[in-house]
Amino acid sequence: MAKAKDVYLCSECGYETVKWLGKCPSCGSWNSFSLVTPIASPAGRGSGRAAPVSPISGIAAEEDIRYYTGLSELDRVLGGGLVKGSLVLLGGDPGIGKSTLLLQICQSLGESLKVLYVSGEESSKQLKLRAERLEVDSERLFVLCCGDMDTVLATIRAERPAVVVIDSIQTMVLSSAGSSAGSVTQVRECANALLAVAKENDISIILVGHVTKEGNLAGPRILEHMVDAVFQFEGEQHHSYRLLRAVKNRYGATNEIAVFEMQDKGLKQVANPSAMLLSERPEGVSGSCVVCVLEGSRPILAEVQALITRSGFASPRRMATGFDYNRMSLLLAVLEKRAGYTFANLDAYVNVVGGLRLDEPASDLPIALALVSGLRDKPIPAGMLAIGEIGLGGEIRSVIRIEDRIREAERLGFTRCLVPQSSLTGLELKRFKIKVVGVRDIVEALRSIADNS
Ligand code: TYD
Ligand code: MG
């Protein structure tokens, strides 16, 4: 067998190299390499034996067994419940509510299943206090406050719970991995050991992972490759709303989101995020427009805001929160070239309300309308929303699933909806109560809002 070679590992991203480097070529961090000795040497060439292979048509397809968490929104993001035997990673900033969410679902999971909650961060007293606050008192929920991975693994094998929560993976230490808790090697080896236990015994394991300053899952991307699903818990500490996002999911769609609100008795799911995102919308204020984007399988309405002010700088400021900065510059350029609105000497700020990130091209048109509304200081008519991608020629391009979006707008009481003309083919407008207006280019769209204001 080949002798295991020492390798240097980047503590930020897990990049491996055979010689020490000052700067990581993968993530760019400085002085992050440390020497590690691999635990097991990889098998040499030709040491394996051929295994029997089976034709795909001969494999019996079995439906995954799923456990329901008691939070239907979470189940939806999971792809229809927590899959038996899966390894799931839940990432998020400290204090965002990961432990709260997991302890809460332990209550309903514990109604029919044996659940083990392993905490390396809190003592059992602290956990009990939190559980009391969340009204978690399931008979089948067991707690282990321990950071020693060997003990945890032995306990899982002995107790055979159906679901295990590891809070958090960074606090676990495997003695054979030989470095400090939270290091890349530790995190990787601990996750590897848990993966083996999960698959061997068909146990669902949920790992909690902290996020680094840069927003990566600490300890780090290697974990994302190992687990079956990665969920990101986001939100601002000073706001009570939290978004749960699927980043990777072997058992369901990604881009699904669920919205929760942190209350004094834990997290409450928000079944109607559109209404929540629009609840504080100011009336009759310029620079505000409503957008309808698809987040996974469902359309969500949100408010975008633009503020245009005279610039005090030689080169005007541009700032975008929740929207791509370069895309905003592109829209400003299109507005200048194709519609004649110039933003030179003006600072432009774009903000998407509620911490939502708009990655979908369908949000181009509402952002452009908000920018012009901000520039002219004329509010966009109340009850109106816009959907559409903008091309460099100023044309409005079609978007997918227009009917679902119009229905969501209708449901929330909007009266007029600007959509790409090309999306209207095959759509029976008579079936909608809302007035649907097709527009071909940005000039037509701007005229259409001016007609009505
Ligand atoms: P926590 O779940 O400990 O965060 P994480 O595990 O992601 O680090 O969440 C802690 C925060 O949530 C803390 O600031 C207090 C707040 N909180 C509530 O507002 N209501 C509650 O019922 C609970 C349990 C926590
Ligand atoms: Mg916690």
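In the predicted model, C190 has a relative accessibility of 0% and is therefore counted as buried. The closest cysteine sulfur to that of C190 belongs to C146 and lies 11 Å away, which is too far for a bond. A disulfide is a covalent bond between the sulfur atoms of two cysteines. A search of the whole structure returns zero disulfides. C106 likewise takes part in none, the nearest cysteine sulfur being that of C145 at a distance of 12 Å. The relative accessible area of C106 is 0%, so this residue is buried.

C106 is one of the buried residues of helix α2, which comprises residues 98-109. The buried positions are K98, S99, T100, L101, L102, L103, Q104, I105, C106 and L109. Among them, Q104 has a relative accessibility of 16%; because buried means under 20% relative accessible area, Q104 falls within that class. When residues up to four places away in sequence are not counted, Q104 touches L134, V136, G266 and L267.

Helix α5, formed by residues 184-201, was examined in the same terms. Just after α5, residue D202 adopts a positive phi of about 60°.

With regard to the overall fold, the protein contains eleven helices and 23 strands. The C-alpha trace extends over about 75 × 50 × 50 Å along its principal axes. Of the 453 residues in the protein, 49% are buried. Among contacts with a separation of 6 or more, 66% are between residues 24 or more positions apart.

The largest pocket holds about 560 Å³ of space. Its lining consists of 19 residues, of which E236, V353, G354, G355 and L356 are the closest to the centre of the pocket. At least two lining residues are supplied by each of the strands β11 (229-235), β12 (241-249) and β18 (346-352), and by helix α7 (273-278). In terms of residue class, the lining of the largest pocket is made up of seven nonpolar, eight polar and four charged residues.

The volume of the second largest pocket is about 240 Å³. This pocket is lined by L278, R281, P282, E283, G284, V285 and S288, together with P379, I380, A382, G383 and F414. Seven nonpolar, three polar and two charged residues make up the lining of the second largest pocket.

Notes. Residues numbered from 1 in each chain as written. Chains lettered and ligands numbered in written order. Predicted model: local features only at pLDDT ≥ 70, side-chain atom pairs only at ≥ 80, totals over all residues. Heavy atoms only, no water. Helix = DSSP H or I, 4+ residues; strand = E, 2+ residues; numbered from the N terminus. Expected span 1.5 Å × (residues − 1). Buried < 20%, exposed > 50% of the residue type's maximum accessible area, 1.4 Å probe, protein only. 1 Å grid on protein atoms, 1.4 Å probe; cavity = no way out; pocket = protein on both sides within 12 Å on 5 of 7 lines; lining within 4 Å. Points joined across faces, edges and corners; volume = space filled by probe spheres on them. Nonpolar A, V, L, I, M, F, W, Y, C, P; charged D, E, K, R; others polar. Disulfide = S-S within 2.5 Å. Contact = heavy atoms within 4.5 Å.
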